[in-house]
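Trainee: Could we go through this structure together? I'd like to know what stands behind each label.

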Amino acid sequence: MTSEEVYSIKVLKVGESEVPGAEVYWMKDFWTWERLSFHVVLAYNDHRTFMINTGMPLDLSLRNEEMRKFAGDRALFRSLDTISVMHNAGFDPDDIDFIAFTPVQDYTVGRLNEFRKSKIFIYRDGWIKDIAAPAFAYFHNRDLFIPKNIFDFIYGAGWKNVIFYDGEVELVPGIRAIPVGCHHRSSVAFIINTNSGKYVFTDASFKAENLVRKIPIGIAEDIYECLSAYEKIEKIGNLLPAYDPSIDGLQIE
């Protein structure tokens, strides 16, 4: 097997929300609302199944308390049952060989403790800065970023399956991780090789328009990291923007 190994892709919608437009587009669209979809991405071939994100937690009370304070009831997160969505797509937790995240947040790690057999890739520097030892706790609220049961699982029963990685690296043949920052310290772009080219799944671009119009996301920790990520993505391949409803249910063979 080589780095030219290719995958099929399924994009599964596992949640949704609406947010003020300025959260999606930096310093623009203050009086509009943008619909977001939350996704898990399944990349699979005859050798392995690789899953990016594991969906939202069943209990969204802490997240929605913050969303309500931020923008009112319209912004509340609504979750689909990730495991049921996967099952309907022909996959179950025991089928997943590898898991990774972009970024480490409650809405990306919410069902991780149900994946008992999967190897878990975690970007080390992002884990340290967002979760293990956040330097600025006001901005990096560990209790919000990761549910306690998932935190306990990673440091408990799941620890034997955790693989920390550093910098840009090929995680498995045909799937590469590039830390991009922009949204969070743990934000990563994943490049997946397919028969129809390379696809990049990242939260540095919430929607396709961020890349097309070169507008950083509004809730960026560093807008220059966003712009740098867009330059890289354009040279690599096709964008899968993490929260764009346009990719709901997308399949790539």
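Mentor: Arg-185 sits in the loop between β9 and β10 and Glu-221 in the loop between α8 (208-212) and α9, so the pair ties together parts 36 residues apart in sequence. Keep in mind that this is a predicted model, where local features need pLDDT of at least 70, side-chain atom pairs count only at pLDDT 80 or more, and totals for chains, interfaces and linings use all residues. Residues are numbered from 1 along each chain as its sequence is written, and side-chain values use heavy atoms, with hydrogens and water left out.

Trainee: Why is Arg-185 called partly exposed?

Mentor: Buried means under 20% relative accessible area, exposed over 50%, and partly exposed in between (1.4 Å probe, protein chains only). Arg-185 has 21%, so it counts as partly exposed. Glu-221, with 34%, is partly exposed too.

Trainee: And why do Asp-94 and Lys-117 count as a salt bridge?

Mentor: Their N to O distance is 3.9 Å, so the pair meets the cut-off. Asp-94 lies in the loop between α3 (82-88) and β5 (98-100), and Lys-117 in the loop between α4 and β6, 23 residues apart.

Trainee: Which exposure labels do these two get?

Mentor: Asp-94 is partly exposed at 48%, while Lys-117 counts as exposed at 58%.

Trainee: How many salt bridges does the structure hold?

Mentor: It holds 19. One of them joins Glu-16 and Lys-13 at 2.8 Å, N to O, and Lys-13, Glu-16 and Arg-78 are linked in a network.

Trainee: Now the strands: what makes β10 (residues 188-194) and β11 (residues 197-202) a pair?

Mentor: Two strands pair if DSSP finds at least two bridges between them; strands themselves are DSSP runs (E, at least two residues), and helices are runs of H or I, at least four, numbered from the N terminus. β10 and β11 have five bridges in the antiparallel sense, so they pair. Phe-190 has Phe-201 in β11 as its bridge partner.

Trainee: Where do β10 and β11 stand in their sheet?

Mentor: The sheet is open and mixed, in the order β8-β9-β10-β11-β12. β8 (169-172) and β12 (238-241) are at the edges, each with a single partner strand, so one side of each lacks a neighbour in the sheet.

Definitions and conventions
Salt bridge = Lys/Arg side-chain N within 4 Å of Asp/Glu carboxyl O.
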